[in-house]
Amino acid sequence: MLKSDRTTGFYDPALETLPPKEREAYVIQKLREIMDYAYTYAPAIRAKFEEAHLTPQQIQTIKDLEKIPVTKKDRLPQLQKENLPFGGFTTVPPHQLKRIYVSPGPIYDPQGPEERYWRCEKVLYAAGFRKGDRVQNTFAYHLTPAGLILDEALVAMGCTVIPAGVGNTELQVKILYDLKVTGYTGTPSFLMTLLRKAEELGYQPRKDLTLEVAFVAAEMLPESLRTELEEGYHLLVRQGYLTADVGTIGYECREKSGMHIPEELIVEIVDLETGNQLGPGEVGEVVVTNFNKTYPLIRFGTGDLSYFTDEPCPCGRTSHRLVKLVGRTSETTKVRGMFIRPGQVDEILARHPDIARGQAVITRAHHQDELTLRVELKPGIMESDTLKSQLEQTVREVMKLRAMIEFVPGGTLPEGGKKILDERKWD
Ligand SMILES: [Zn+2]
């Protein structure tokens, strides 16, 4: 039994429960405003409209968005490089920003000067966080925005935050116990790591720890892992779908019936070939148009595949819901919360002239991602521990991840085959 009631109410009832007709009117109003604003102040958005021979006045409905070409996230590193730091997509000069984050790619992500820029409070409220919670925030605080997105929202809600960041497992267990922590934010696999470490150190988590609620993101949450956390450790575990560019794109409520789409943006699920909108239940790319006046993203293709439902949710929130994420549009994927890209595999190989071919393989064991770099050596080159540790070091530098190195015989990896092979199952 949870000590406080974490499964009722809303953070912003007026907005979250808007009747469908009013919700549509609200969103369309916001859409028209941001079209004008972005066209006027963001040079890259204006160029995008001009290339498509469009004016903001031609975008009056959600259906009209189909006229605008999708800007793929995979192209952002190049677009930014051509026009540093943000590719012309921001409406303000960099000195007016509150923070600039760096995501792998690299992609530079702005945080504007607005109060409550990330608007993540209602997300955490829906997940069961309440004023007075003591929350261990294990998302990274450096370079990427995840740590601060959650931190700012928790503080705004009246929670006390322990900015724990990533790693330091033993110390983090001690903090959970000593500070009587009630909430966790971070990846689902690190939560499991902490609970297992606690048991290893002689704690009985259900008896000795005060943890009640967890918000997880940045990784898939398999239902088997959620069940283990909820039933095995008596936690309320809800997930969100956040990106460094947009912030929250979807979040679960008490019903765990998909991820509600926040009122600050429009999500379209689109056909990969045509860019046209798909209906409920049809799988396509998640394309976002947000109402963010600092960094308006207009038809931004996230590279994630999902499908939505417009069935009412018993919780009372009236937004559409993304039922779940089902994969990526390209080989780019996340390992332990970090994006890896085919180009990074090429970069690793380029640094080691002794290697003929290579492939990154992702598997999963005990609810943890495992990364293996399979390599074929050039004829006449012998495998060695030195080469192995040099490769481990290069993977760490390029991907910021630990990997196992596996030497395979010549001819094992197909010519022109996948650079990243994702063999994970998410049951
Ligand atoms: Zn709901």
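Mentor: Strand β4 (residues 134-137) runs parallel to strand β5 (residues 160-163), and four bridges join the two. Helices (H or I, at least four residues) and strands (E, at least two) are DSSP runs numbered from the N terminus, and pairing requires at least two DSSP bridges. The model is predicted, so local features need pLDDT of at least 70 and side-chain atom pairs 80 or more, while totals for chains, interfaces and linings use all residues. Numbering starts from 1 along each chain as its sequence is written.

Within this pair, Q136 has I162 of β5 as its bridge partner. To get from β4 to β5 the chain passes through helix α6 (residues 146-157), in a right-handed β-α-β crossover (clockwise from first strand over helix to second, with the strands pointing away from the viewer). β4 also pairs with strand β6 (residues 183-186), again in the parallel sense, over three bridges. There, Q136 stands opposite Y184.

Now for helix α3 (residues 43-51), whose buried residues are A44, I45, K48 and F49. They lie on the same side of α3 because their arc around the axis, taken from the directions to the C-beta atoms, is only 140 degrees. The face turned away from that buried side carries the exposed A47, E50 and E51. Buried means 20 or more other C-beta atoms within 10 Å, exposed 12 or fewer, partly exposed in between, with C-beta atoms placed from the backbone. The buried residues of α3 pack against α2 (20-41) and β1 (71-72), where contact means such C-beta atoms within 7 Å. Just after α3, H53 adopts a positive phi of about 55 degrees.

Technical notes
Contact = placed C-beta atoms within 7 Å.
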